[in-house]
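Hi everyone, thanks for making the time this morning. Let me put the model up on the screen, and then we can walk through it together.

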Amino acid sequence: MSLEPIEGYLREGEQLDPAAHLVVRGWPLTADGILRNADATRRRYSWAGEPLVAVSAEVTIAGWDVDRILSGARLRTRRSYAAAAVGEVLDAGFGLLPTFSAPHYSVALGSTLWRRPSCSSECSVRYDRTPIT
Amino acid sequence: MTTPGEITVTLPADVNQIDDTGYVWAFLSDAAEPGRVRPGAIIVAGDPVEPFLARVVDVVDGPGDDSIVHLDVLGVPHQTIEELRHAGLLSA
């Protein structure tokens, strides 16, 4: 079995508020955790035919807030979390892919990073497949 | 009290990482003893700092020769210990 294209698991038509929170809880809060998470994604999924290096996170899209995310069956087992504004994450050059079921997002890192337009009021969920050089 | 260095995690996993099934997933090859990771088994997963209890939902083919393990997160270990003590199945 080869890498699974992540394109088959993208949600369409979702709007991102740049003020929304991107939340990561637990293990990935260390450099080792982030690298392990990103490496696992790289070993399983591809994006535009290349291994996808990305970290799993959740975002406060419509209908979700930080409390609801943190109280979910999975994340409530963690004691600590980190959150950042979506706009800051995008402006820092990370790619955000709305993957699997809401509110899950993949935060693309490293050589497979795709730059997205900076957003001042609203970020459309669309994909620019031009790799950063 | 048990320290993280004394904790053996059966399967390293990250509760943030789900796939299209909605379950947490991990690679079977990351388990030190893969034989303990079988469908229906209750295992300690996560990491030594914050382990969690999970039920193995299934083990399916993954990329290359690896397998993907799907986990249903049950909670943190102390919840289970407390319940077992309450039921008299574990001495105080």
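**A walk through the two chains**

Let's start with helix 1 of chain A, residues 31–44: its 14 residues reach 20 Å from the first C-alpha to the last, close to the 20 Å expected at 1.5 Å a residue. Keep in mind that this is a predicted model.

So which residues of helix 1 of chain A are buried? They are R36(A), N37(A), A38(A), A40(A), T41(A), R42(A) and R44(A). If you look at what covers them, you will find strand 1 (4–5), strand 4 (45–47), strand 5 (50–51), strand 6 (54–59) and strand 9 (104–108) of chain A included, together with strand 2 of chain B.

Now to the nonpolar cores. The largest has 27 residues, and those touching the most other members are A54(A), A57(A), V86(A), L96(A), V107(A), A108(A) and L109(A). Two or more residues each come from strand 3 (21–25), strand 4, strand 6, helix 3 (86–91), strand 8 (95–97) and strand 9 of chain A. Strand 6 of chain A gives the most to this core, with 4 residues. Leaving aside residues up to four places away in sequence, L109(A) touches A38(A), V53(A), A54(A), V55(A) and F94(A). Apart from that core lies another, of 24 residues, with V24(B), A45(B), A54(B) and I68(B) among them.

Let me take you over to L70(A), which sits in helix 2 of chain A, residues 66–70. Is L70(A) buried, partly exposed or exposed? It counts as partly exposed, because it has 15 C-beta neighbours inside 10 Å, and being buried would take 20 or more. Again not counting residues up to four places away in sequence, L70(A) touches R25(A), L75(A), R76(A) and Y81(A). Its C-alpha is separated by 25 Å from that of G13(A), 57 residues apart along the chain.

On to where the chains meet. Here 20 residues of chain B are in contact with 24 residues of chain A. On the chain B side, strand 2, strand 4 (52–61) and strand 5 (67–75) each give two or more residues. That side divides into 8 nonpolar, 6 polar and 6 charged residues.

Last, a word on confidence. The predictor gives the complex an ipTM of 0.86 and a pTM of 0.84. Chain B has a mean pLDDT of 91, with 95% of its residues at 70 or more. Within chain B, confidence is lowest in helix 1 (residues 77–86), at a mean of 86, and highest in strand 2 (residues 24–27), at 97.

Thanks, and I'm happy to take questions.

Note on methods
Residues are numbered from 1 along each chain as its sequence is written. Chains are lettered from A and ligands numbered from 1 in the order in which they are written. This is a predicted model: local features need pLDDT of at least 70, side-chain atom pairs count only at pLDDT 80 or more; totals for chains, interfaces and linings use all residues. pLDDT is the predictor's confidence in each residue, from 0 to 100. The expected span of a helix is 1.5 Å times one less than its number of residues. A residue is buried if 20 or more other C-beta atoms lie within 10 Å of its own, exposed if 12 or fewer, and partly exposed in between; C-beta atoms are placed from the backbone. Two residues are in contact if their C-beta atoms, placed from the backbone, lie within 7 Å. A nonpolar core is a set of buried Ala, Val, Leu, Ile, Met, Phe, Trp, Tyr and Cys residues joined through C-beta atoms within 7 Å. Ala, Val, Leu, Ile, Met, Phe, Trp, Tyr, Cys and Pro count as nonpolar, Asp, Glu, Lys and Arg as charged, and the others, Gly among them, as polar.
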